[in-house]
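Subject: Structure handover

Hello,

Here is the structure for your files. My notes follow below it.

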Amino acid sequence: MKDHLLKYSDFTENEINYILNLTEEKEFKKKEHILTSGDKELYQYFILSGCIRGYIIDFNGKEHNIEFGFQNYWFGDMESFAHGTDATYNYQALEDLTILAISKRNWDKLSEEIPAFIKYTSELYRNAMIFQQKRIAEHFILTAEQRYFNLIANHPDILQRISLKNIASYLGITAEFISILRKKSIQR
């Protein structure tokens, strides 16, 4: 996490140690849920190893993957975390997972005490907003095939780590269509 902190802001060694002391390391087994919709989000999480999927459940009970997170990735239901509302999102470990968890109280404490933490979180939020806007735009601008190949280009090992069913849900297509695309790319 130290490298991630320094990538986005200028922290002193003491500030980094202080931040790390306010986090709690947690481990989850593959398929275990970190958060379930309806619960209160009490933490934000930083992935040290493993990967997660964030998903919502629609009115018909169907799951829709909204995000995947890998090493050096923050996740959590931000609205629930910030406002104390019930979580909309579900987060599940897709591999054995090690994370650092930071409570709302400690997050706010860092924001009040360390100016570099404000800069850091501002960069995180900005990047998250850009990513979400890009993802929404790509859904409407690009074909399913283009979205699939973009995902593979940005995450070359994703097919080894995440099931076709989960990738298909994320892209809004079927697993069968992904199989067709995979065959097509092999024939190239």
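What share of the contacts in the protein chain with a separation of 6 or more comes from residues 24 or more positions apart? The figure is 71%, with contact meaning heavy atoms within 4.5 Å.

Some ground rules. The model is predicted, so local features need pLDDT of at least 70 and side-chain atom pairs count only at pLDDT 80 or more, while totals for chains, interfaces and linings use all residues. Residues are numbered from 1 along each chain as its sequence is written, and side-chain values use heavy atoms, leaving out hydrogens and water.

Overall fold

The protein chain has 9 helices and 8 strands. These are DSSP runs, numbered from the N terminus: H or I of at least four residues for helices, E of at least two for strands. Along the principal axes, the C-alpha atoms fill a box of roughly 55 × 35 × 30 Å.

Surface and charge

Of the 188 residues, 39% are buried. Buried is under 20% relative accessible area, exposed is over 50%, and partly exposed is in between (1.4 Å probe, protein chains only). The protein chain exposes about 10,800 Å². Carbon and sulfur atoms supply 52% of that area, by the Shrake-Rupley method with a 1.4 Å probe.

There are 23 positive and 26 negative side chains. Lys and Arg count as positive, Asp and Glu as negative; His and the chain ends are not counted. The centres of the two sets lie 8 Å apart, with charges placed at NZ of Lys, CZ of Arg, CG of Asp or CD of Glu.

Aromatic pairs

Rings of Phe, Tyr and Trp (its six-membered ring) pair if their centres lie within 6.5 Å; planes under 30 degrees apart are stacked, over 60 edge-to-face, the rest tilted. The count is 13 aromatic pairs. Tyr89 and Tyr91 are stacked, because their ring centres are 6.2 Å apart and their planes are at 20°. Tyr89 is partly exposed at 27% relative accessible area, whereas Tyr91 is buried at 1%.

Trp107 and Phe117 pair edge-to-face, at 5.2 Å centre to centre and 75° between the planes. Trp107 sits in helix α4 (residues 104-113) and Phe117 in helix α5 (residues 115-141), 10 residues apart. Trp107 is buried at 5%, and Phe117 is buried at 1%.

Best regards
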